Structure formats: C-alpha cells, structure tokens
Amino acid sequence: MGDPRRAIPRTDAVLAEPRIAKAAETLGRDLVKSLVAAAQQRARAGEIEPGEVVAEVVARLPATVSSLRPVLNATGVLVHTNLGRAPLSAAALDAIVAAGGATDVEFSLETGERAKRGRGTLAALAEAVPRAAAVHVVNNNAAALLLCALTLAPGKEIVVSRGELVEIGDGFRIPDLLASTGARLREVGTTNRTSARDYAAAIGPDTGFVLKIHPSNYRVTGFTSEAGVAELTGLGVPVVADVGSGLLAPHPLLPDEPDVTTALADGASLVTASGDKLLGGPQAGLLFGDAELVQRLRRHPAARALRVDKLTLAALEATLRGPETPVRAALSAEVGDLQKRAETLAASLRSAGVDAEAVDSTAVVGGGGAPGVELPSAAVAVPARYAEALRSGEPAVVGRIVRDRCLLDLRTVPPADDATLREAVRRCG
Ligand SMILES: *Cc1c(COP(=O)(O)O)cnc(C)c1O
C-alpha cells in the first residue's frame with residue numbers, strides 16, 4: 001500500500017479548481033493559498049481524506065476578506081454595542097458602496113473646483129433638525145464632547161452635576177475624557193439631587209460651559225431631582241447638552257428619552273448625540289446649535305483629527321433621508337406580529353426535529369438609550385446547548401440564555417431574516 005499522503009492534491013491543482021480560482025480573484029491569492037495549505041495539513045494529519053481537500057477549502061472560504069463576520073442579532077438588545085450598534089439600512093449600505101470609490105465628497109462636479117466637504121450630509125442633518133442654526137459631524141459623540149471641551153474650555157472649568165458623571169462602557173468615562181483636554185471639571189450637586197442654584201453658585205470667570213449629560217445607560221430613582229436645560233440658560237455661559245441616543249425629535253414610545261430638538265428649544269447652545277444609536281445610522285458624533293459656536297468648533301485645529309470619512313457621510317445622509325431604519329423598525333414592531341413570527345418559526349423547527357417553542361420575551365433599547373424601558377417581545381426558545389453552535393454558524397446567530405434555554409428574540413431580527421434564522425437553528429440540531 002502506498003503512502004496515502006502522496007494522494008494529497010498539490011497546491012497548484014487545488015488553486016486551479018474553478019470555485020477556488022474564482023475565490024482567489026475576489027479574496028486575494030494569498031488568503032486562499034493559506035486555506036489550501038491548512039487543508040493539506042489537515043489531510044497530512046489524517047483529519048480529512050486527501051480527496052476532501054478541495055471541499056474543505058471551499059467550506060472555509062470566507063464571504064469577505066474582512067475578519068468581521070455578519071451576525072444575526074437575536075439578543076433583544078436593539079442597539080448592541082458589542083455587535084456594532086445600529087445595523088444600517090439597505091439605503092445606507094448602498095450609499096457606502098457608491099461612495100467607496102472616487103466620489104465628489106469635497107469637489108464640485110459643476111465647477112470642477114474644491115467644494116465644502118460633506119455638504120449634502122450636513123444639509124440633510126440641518127433639514128432634519130430645523131431648530132439648529134448650524135450642524136457639524138465628527139467621529140463619534142465622544143469626539144463631539146472632546147471638541148466642545150477643547151474649543152470652549154481650554155484652561156477653564158466645565159460645570160457638571162455629580163449625578164451625570166457617566167461611564168459609557170469599556171471603562172471610558174466622560175469626566176476623564178473631558179479632563180484629558182486640560183479643562184477642569186467643576187462638579188456640582190449630589191448624585192441624586194442637583195438644583196439650578198448649585199450650577200449658578202459654581203459659575204464664574206473661569207467657567208467654560210455648563211454640561212448636561214443624559215445618563216443613557218442607568219437611572220437614578222427615588223429621592224431625585226435635576227435642573228433641566230431650560231433652567232440653566234440664563235447663567236451667561238454656554239450650555240452644552242449631550243443627549244446621547246441621537247433622537248432628533250421626541251419619540252412617542254420613549255417619552256423620557258431626551259431629544260435634540262427639545263434640548264435646542266429649551267435653549268441649549270450646543271447639543272451632541274451619537275449617530276449609531278436610536279438614529280440608526282453609522283458611528284458618528286452629531287453637533288447642533290448656535291452658528292457662531294459651531295463655526296468655532298469647525299475651525300479648531302483638532303477638528304481635522306475628529307472628522308468623518310466619506311463612507312460615514314454617505315451612510316449618514318442615506319439614514320437621514322432614506323426609509324425607516326432597522327432600529328426604528330425594531331422599536332415600533334407590534335408584539336402581536338412578533339408572537340406570530342415566533343409561533344411560525346417554532347412550529348417549523350419542531351417539525352424539523354428541534355426542541356423549540358415560542359415564548360414571551362422582553363427586549364431593551366440597550367446601552368444606547370432609554371434605560372429602564374422594557375419592550376414586550378417574543379422569542380423562539382431552543383436548548384441552551386445550541387448557543388455555541390449558533391455563534392459559530394454562517395451567519396453567526398447570537399441569542400441570550402435565560403433559565404437554561406437559548407432565547408432568540410425576534411424584535412431585533414428583521415422579518416426578512418426569519419428563514420435564515422430557521423435554517424441556522426436547524427443546522428445546529
Ligand atoms: C453613548 C453615549 C456617549 C458616547 O457616544 P459615542 O458615540 O459612543 O462616542 C456619550 N454620551 C452619552 C450620553 C451617551 O449615551
């Protein structure tokens with residue numbers, strides 16, 4: 001008997017297989033070659049048959065060159081930071097692809113000369129918030145706050161309530177971020193109660209601005225009080241309001257969530273927000289407010305380091321002008337519809353031999369806003385042992401474990417993905 005390892009196909013022969021040759025064109029020859037080498041190694045180790053090398057390579061061909069893998073978010077957390085926050089709308093994805101090559105982001109096709117960067121996006125943002133005299137876009141909300149501190153409070157004080165000294169996740173704290181600019185934080189009031197008088201007593205020649213931060217990932221309840229933006233506008237210094245979530249106007253389902261338009265109407269000089277939370281767009285920091293102040297922010301040398309790229313501008317404009325975003329659709333889905341989908345999916349999975357049942361569930365907006373708001377939802381419950389296999393599937397599916405069951409919450413799964421979800425679960429059975 002000859003050495004079976006001699007039957008392992010040569011690299012050139014595997015690369016010449018039509019499906020693999022095509023993949024080498026789209027994914028790059030080096031990446032595909034490394035998959036071929038890995039498959040040959042597995043054959044040498046006896047883990048697969050020599051005749052399975054080609055199939056092994058094909059099975060492991062990734063959809064894209066990026067190591068980021070698409071995930072079906074079945075967690076019931078609408079804005080899941082670890083899963084990339086807001087999933088973009090199809091319109092935003094199309095806009096990204098269109099802008100991906102050379103594009104007129106800073107060029108007028110009419111005159112053939114340089115033009116204002118991102119003007120279409122800024123116009124869309126200004127139209128979305130008519131109350132704002134001026135708008136600006138930076139890398140994220142943290143960058144928006146940084147730019148405010150750098151511009152309005154160099155060597156000065158930022159007056160902020162002790163109840164609003166927020167950590168935004170992964171150890172990042174807004175007070176530390178602001179202090180990193182050299183501005184000093186002037187804390188006023190207490191954790192649970194801060195009055196307009198507390199702010200007024202702290203204002204002086206050293207004040208850069210008053211900052212109101214929306215605690216978007218926790219709530220202080222019980223014996224509490226805070227001074228709203230409207231009570232702080234007569235102090236003779238700018239009031240910057242960080243509304244966090246990116247609601248541009250009040251939302252009926254989230255009555256306690258602050259929004260940009262209301263903060264401006266209450267007299268905030270500047271309002272900051274994230275683009276990838278409830279607005280449902282790309283990561284971005286949105287700035288709205290007083291024309292003179294916005295102009296100063298735009299002119300600060302650091303503004304260049306915080307600016308967004310053409311892909312963000314494209315996706316943000318499409319989010320603002322396009323159809324309802326996936327985040328909004330998830331927020332407003334009727335629980336009755338979610339229950340029907342859960343029952344249909346569970347029945348279909350049971351007939352495929354999976355131990356699945358439709359159950360009631362509770363979804364949340366997530367770290368991106370509306371702390372304490374519970375959204376009634378429906379889920380398909382499968383055995384907990386499915387969770388790991390679901391995470392390693394294609395696409396990966398992430399649910400949550402509740403009392404030894406893996407719950408796949410449908411509020412965060414677009415209805416168009418139900419069939420994909422069913423197949424992903426069935427494959428794990
Ligand atoms: C999320 C959040 C931030 C941070 O926003 P990024 O866009 O992630 O930088 C800052 N402030 C508040 C109130 C937030 O909710």
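On one side of helix α2, the residues P18, K22, E25 and T26 are exposed (exposed means over 50% relative accessible area, buried under 20%, and partly exposed in between, with a 1.4 Å probe and protein chains only). Before going on, note that this is a predicted model, where local features need pLDDT of at least 70 and side-chain atom pairs count only at pLDDT 80 or more, while totals for chains, interfaces and linings use all residues. Residues are numbered from 1 along each chain as its sequence is written, and side-chain values use heavy atoms, leaving out hydrogens and water.

Back to α2, which spans residues 18-27 and has I20, A23, A24 and L27 as its buried residues. Looking down the axis of α2, you'd find these buried residues within an arc of 105 degrees, so they line one face of the helix (the arc is that of the directions from the helix axis to the C-beta atoms). An α-helix has 3.6 residues a turn, so residues three or four places apart point the same way. The buried residues of α2 pack against α1 (11-16), α3 (29-44) and α4 (53-60), with contact meaning heavy atoms within 4.5 Å. After α2 comes G28, with a positive phi near 100 degrees.

Now for the sheet. Seven strands make an open, mixed sheet in the order β2-β10-β9-β8-β7-β3-β6. The edges belong to β2 (134-138) and β6 (184-188), each with a single partner strand, so one side of each has no neighbour in the sheet. Helices (H or I, at least four residues) and strands (E, at least two) are DSSP runs, numbered from the N terminus, and two strands pair if DSSP finds at least two bridges between them.

| Strands | Sense | Bridges | Residues standing opposite |
|---|---|---|---|
| β3 and β6 | parallel | five bridges | E157 and R184 |
| β3 and β7 | parallel | four bridges | V159 and V210 |
| β7 and β8 | parallel | four bridges | L211 and V240 |

What about β7 (residues 207-213)? Seven of its seven residues are buried, so β7 is largely enclosed by the rest of the structure.

Helix α11 (residues 291-299) lies across β2, β9 (270-274) and β10, running at about 25 degrees to β2. Axes here are lines fitted to C-alpha atoms, for helices over the stretch in contact, and angles run from 0 to 180 degrees between N-to-C directions.
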